[in-house]
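The following questions and answers examine how terms are applied to a protein structure. Please look at the structure before reading on.

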Amino acid sequence: MLNTVYQLKAPRQFETVFKDIPLDDRHVLVRPTHLSICHADQRYYQGNRPEAVLRSKLPMALIHEGIGKVVYDPTGTYRIGEEVVMIPNHPVEKDDIIEENYLRSTKFCGSSKDGFMQEYVSLLPDRLVRLPEGIDKIVAAFTEIVSVSYHAISRFQKFSHSRRRTIGVWGDGNLGYITSLLLKKMLPDSKVCIFGVNANKLSDFSFADETYLVSEIPENLMLDHAFECVGGNGSAIAINQIIDYIQPEGTISILGVSEDPAPINTRMVLEKGLHIFGSSRSGRADFEGLMELYKENPDIPEYLENIVGTTFEVESIKDMTEAFETDIHKLIGKTVMIWKG
Amino acid sequence: MEKTNVFGVVLAGGIGSRMGNVEKPKQFMEVGKKPIIIHTIEKFVVQPQFERIIVLSPKAWLNYTKDVIRKYIREKDKIDVIEGGATRNDTIMNAISHIEKQYGLDEETVIVTHDSVRPFVTHRILEENIHYAREMGACDTVIPATDTIVASADHEIISDIPDRSQMYQGQTPQSFKAWKLRQVFEALTPEEKKILTDACKILVLKGEKVHLVQGEVSNIKITYPHDLRVAEAILGGEKTC
């Protein structure tokens, strides 16, 4: 079937192309309904990736956070019209040790293959997860980024020692908000403290136990573990500050993406015997686990409504461009496209 | 099969003879790796609101049409291939009669009529056609005219140059409440029927409202060899998702 694909041809330039996708007996067709813009999409859109990377990846459809409705399912797995979240990673092999989301061969929508800015998205049935009934669609649109936080916390529970009295979260943006909210729900006995640069943004973290400006951290503050949700140029500063305040044998979970290498205080990492691990992509188990968490804690999606920034009804390339341009200038909040493309 | 009371009607016109050195109708030419009509039918197959898809073909090409559908379309049981009429509107009336006989027709039955040689129709266009046919009774898919339209009554001297901002180019689908369309069509005089160039005009002639649905520049009609080349060109890229 001739499918309309809205590809980024060059920075700030979308174009419409058509691709013939097979209507075979293995793939489910999903009509995207709500798509959410991520920093990674913006890095391509604004051309903030190295020239060689842009040259090798573009043209490509962006977006890896999104939901849709099943319109065609020859496998009989889903009902027509059923609302699903789309999993952007597509493993091509199975490994008994390495998870699907970290296999180097795995394709990722909006990075190594076309993302969800398409008329229809053709996926294998196991790349879809049913949405809970009645969930806010705008919030559900950015399930993927929430599932990455869920994934990082799940791994943290495996990797870290059990003294989890106080956990610090660096970053007062969307990822910091999501990660600290999930920490409060998944580790209810831990005290969660947020560290940021903007007092106004920090005041939105109403569920947190404490919030601090990074310039005003009390000298005697002690953390058992920490999550870095800063990314970009602030990564190194945040990680080094965490290293200063964390207790020996603490675990640092890195979630922020930085285009450049981040120099960190390895001497103190060694002296304190710290564990550092990174997480960036979630797998099917994380999406499923998150949906269960939403069902058990209906206030999580309600809290997440607070980080919805702007919504756009998107039908044309002009609308897509407007959504991406507006997203650049936001202070906080996710930009969600109500997809009619 | 769900009763939606919405029917896709794919109009596969073309020459009515297969004798001699006759060129194959354009809907059977291939774009990518499939006949154009198959691409078009696939867009209807994946639109869940269609209860059935009726494909109308010239008598001489009926079996050929059935054969290509059987070869390429898994959901062939959802498709009826029937004979078209002498004109486009006769063909649509054949579709309405078929729906009435086989599935029942009432005042809310919607038909979405579409050229078989417009395979780049989109989900949005089909969805909006169904919506406006249900809500308004009829709709036509159009794009704003980019060229100035020049009218000439005697084909020699310009008689009018209409304001371009009010001009649109007609595409398909054209969608209707079938009962009403047939009622108005049957009330037309033979003279009125003679000047019909498309189905929407049936209603316009009698002062009925037809809503506009925004088409797409890419929703081209593959008529000439040049169009085939354009279609191949916009069916882009090696990368697949």
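Q: What makes up the contact between chain A and chain B?
A: In this predicted model, the contact takes 26 residues from chain A and 20 residues from chain B. Residues count as touching when their C-beta atoms lie within 7 Å. On the side of chain A that touches chain B, the elements giving two or more residues are β1 (2–10), β2 (13–20), β3 (28–36) and β5 (65–72) of chain A. The largest share, 5 residues, comes from β2(A).

Q: How many residues on the side of chain A that touches chain B are nonpolar, polar and charged?
A: That side divides into 14 nonpolar, 4 polar and 8 charged residues.

Q: Why is the largest nonpolar core said to lie between domain 1 and domain 2 of chain A?
A: This core has 144 residues, of which Val30(A), Met86(A), Val9(B) and Ile41(B) touch the most other members. Its largest share, 7 residues, comes from helix α4 (residues 143–159) of chain A. Domain 1 (2–144 + 307–339) and domain 2 (147–278) of chain A both give residues to the core, so it lies between them.

Q: Which residues does Ile41(B) touch, not counting residues up to four places away in sequence?
A: Ile41(B) touches Val10(B), Ile53(B), Val55(B), Ile69(B), Ile73(B) and Ile79(B).

Q: How do you know whether the radius of gyration of chain A agrees or disagrees with that of a compact globule?
A: For 341 residues, a compact globule would have a radius of gyration near 20 Å. Chain A has 20 Å, and therefore the two agree. Buried residues make up 45% of chain A.

Key
Residues numbered from 1 in each chain as written. Chains lettered and ligands numbered in written order. Predicted model: local features only at pLDDT ≥ 70, side-chain atom pairs only at ≥ 80, totals over all residues. Core = buried A, V, L, I, M, F, W, Y, C linked by C-beta atoms within 7 Å. Buried ≥ 20, exposed ≤ 12 C-beta atoms within 10 Å, placed from the backbone. Helix = DSSP H or I, 4+ residues; strand = E, 2+ residues; numbered from the N terminus. Domains from an automatic or database assignment. Contact = placed C-beta atoms within 7 Å. Rg over C-alpha atoms; globule rule 2.2 N^0.38 Å. Nonpolar A, V, L, I, M, F, W, Y, C, P; charged D, E, K, R; others polar.
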